[in-house]
Every structure is written in C-alpha cells, then in structure tokens.
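Okay, thanks everyone for coming. Let me put the structure up, and then I'll walk you through its packing.

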Amino acid sequence: MFRGKKQMFERLPSANREVSFLSAMLRQSTTLTAEQATKDAILEKLKEGSAVIHIAAHGSSDNGEIALAPNVSSERQGIPEEDDYLLTMKEVQEIGIKAQLVVLSCCYSGRGKIRAEGMIGLSRAFLAAGARSVVASLWAIDDVITLCFMLKFYSYLTRGESAIVSLHKAMLDIRAEEGQRDPKYRDPKYWAPFFLIGDDVTLNL
C-alpha cells in the first residue's frame, strides 16, 4: 500500500548490478540486494555507519522517501503497509548517520517541501543526521543510464577526485559517450539529474 492505494513497484534490473559493481570498486563487503534489503536491515546498517552509503531503489515523487524490501513478520500478513518498507525522513534523522558520502540513486531523492527553514526532504534528512555529503536526484532517473552514470562517478571518486568534480565529469562523459551512441541521451534528463549538498568530500578509503 502506498498513499492509501495498492501500488506495484516495477523491478529495477540495473540496481542490483549497480550495487554489485560499486561494492567491488570500493572494496566493501557489505551489500544488501533484492529481498535482503529490508527496511529493518537497512536501518541497522545505517546505524553502523560506513564511509560510503549507496542506495539504489525507488523514490517517492513528493519527498524522496525510499521504497525498500518490506520487513518480514509473522504478525503482519497480506499487502505490506508503508511502515513495512518506506524509509522516511523521521527515521533517518533519528538514527544519526556516520558517513563521508551518501548517494541516493533513486528517482526524486532530492525532492522535498519548501518550508520557512528551507527545503525539507529525505536528502536533507541524511545531511541533518550527520552525513557530510549527499548526492540525490531531482527527477525520475533512467535505470540503465543511471548504472552507467554511477560507474563513471565512482571511477573518478576512487581516483581521488572530489565529489563535485566527479559528478561534473560523469555528466560530461554520459552526455558525450551515451549521446553519441543514441542522440536521446543528450537530453539533460538523462545526464543531469544528480546534485550534491553538503561538503565537497574526497573519499578516504
């Protein structure tokens, strides 16, 4: 159930590959994919902290909250409710995040509501919870191109480039290389959805 209605979330075939490839690049052994990536499991890993936290999943178009695999419980049967799978701003802020960089590779993860104190959304919640830097998207992202984008982004990060420089270079690469392969990928919706808030970190791995 999502916003009071039954909702079928489509699979993201490239998300599993994205996490697997990036885990190898960063030499991180902790990966949670598909049914393993339950809300409870993710919350536990967020509490533990990591230099880099990368989440590839569906995001809500109103505030960027993220749809994870639903918690499994003998007490909760039938269609999962939002509490079972949706990672919320409140939950992120209550945890406290120990990370140099959080990357939210999800549709609309940079979205939020404008309040007197500024924009309130999930990306800001990670920053307020203690993450030094957050990369998020402004609109719906393409599953396949996002995989290519993230591989480019992390390839520059692991060479010692800062996060903002790595983002910029990844954008240029996708626009040039993928745009040459198919002109539609020259459209900014494919190569320019991601932005950075917080510090311009350089990873120490």
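This is a predicted model: local features need pLDDT of at least 70, side-chain atom pairs count only at pLDDT 80 or more; totals for chains, interfaces and linings use all residues.

**Rings, cores and charges**

Let's start with the rings, where F2, F9 and Y85 come together as one aromatic cluster. Across the structure, the count is 5 aromatic pairs. One of them is F2 with F9, which is edge-to-face, with 6.1 Å from centre to centre and 75° between the planes. F9, at 33%, is partly exposed.

Now look at Y185 and Y190. Their ring centres are 4.9 Å apart and the planes sit at 85°, so this pair is edge-to-face. Both of these tyrosines, Y185 and Y190, are buried.

One more ring before I move on, and that's W191. Which residue puts its charged end over that ring? R175 does, with the charged end 4.6 Å from the ring centre.

Okay, on to the inside. As a general point, nonpolar side chains in soluble globular proteins tend to be buried together. Here, the largest nonpolar core has 28 residues, and the ones with the most contacts inside that core are L101, V135, F149, M150, F153 and Y154. Which elements give two or more residues to this core? They are helix 1 (13-26), strand 4, helix 6 (143-157), helix 7 (163-181), helix 8 (188-191) and strand 8 (194-198). Helix 6 gives the most, with 6 residues.

Let me zoom in on L101. If you skip neighbours within four places in sequence, L101 is in contact with A51, V52, I53, S133, V135, F153, L157, V201 and L203. There's also another core apart from that one, with 24 residues, among them L43, L46, I53 and M89.

Then V103, which belongs to strand 4, residues 101-106. V103 has 0% relative accessibility, so V103 counts as buried. What is V103 in contact with, again leaving aside neighbours within four places in sequence? The answer is I53, H54, I55, V135, M150, F153 and Y154. And for a sense of scale, V103 and A34 are 69 residues apart along the chain, with their C-alpha atoms separated by 18 Å.

Next, helix 7. With 19 residues at 1.5 Å a residue, helix 7 should span 27 Å, and its end C-alpha atoms are 26 Å apart, so the two agree. Its buried residues are A163, S166, L167, A170, M171, D173, I174, E178 and G179. What covers them? The cover includes strand 7, helix 6, helix 8 and strand 8.

How many salt bridges does the structure hold? It holds 10. In one of them, R181 pairs with E178, with the closest N and O atoms 2.7 Å apart. Both sit in helix 7, 3 residues apart, so about one helical turn separates R181 and E178. In general, an α-helix has 3.6 residues a turn, so residues three or four places apart point the same way. In terms of exposure, R181 is at 55% relative accessibility and counts as exposed, whereas E178 is at 12% and counts as buried.

Take E82 and R3, where the closest N and O atoms are 3.0 Å apart. E82 is in helix 3 (residues 82-85) and R3 is in the segment before helix 1, so this bridge links distant parts of the chain, 79 residues apart. Both count as partly exposed: E82 has 22% relative accessibility, and R3 has 37%.

Then there's D199 with R132, whose closest N and O atoms are 3.3 Å apart. That pair also links distant parts of the chain: D199 is in the segment after strand 8, and R132 is in the loop between helix 5 (122-128) and strand 7 (133-137), 67 residues apart. D199 is partly exposed at 38% relative accessibility, and R132 is partly exposed at 41%.

How values were computed: Residues are numbered from 1 along each chain as its sequence is written. Side-chain values use heavy atoms; hydrogens and water are left out. Rings of Phe, Tyr and Trp (its six-membered ring) pair if their centres lie within 6.5 Å; planes under 30 degrees apart count as stacked, over 60 as edge-to-face and the rest as tilted. Buried means under 20% relative accessible area, exposed over 50%, partly exposed in between (1.4 Å probe, protein chains only). A charge sits over a ring if NZ of Lys or CZ of Arg is within 6 Å of the ring centre and within 35 degrees of the ring normal. Helices (H or I, at least four residues) and strands (E, at least two) are DSSP runs, numbered from the N terminus. Contact means heavy atoms within 4.5 Å. A nonpolar core is a set of buried Ala, Val, Leu, Ile, Met, Phe, Trp, Tyr and Cys residues joined through side-chain atoms within 4.5 Å. A salt bridge is a side-chain nitrogen of Lys or Arg within 4 Å of a carboxyl oxygen of Asp or Glu. The expected span of a helix is 1.5 Å times one less than its number of residues.
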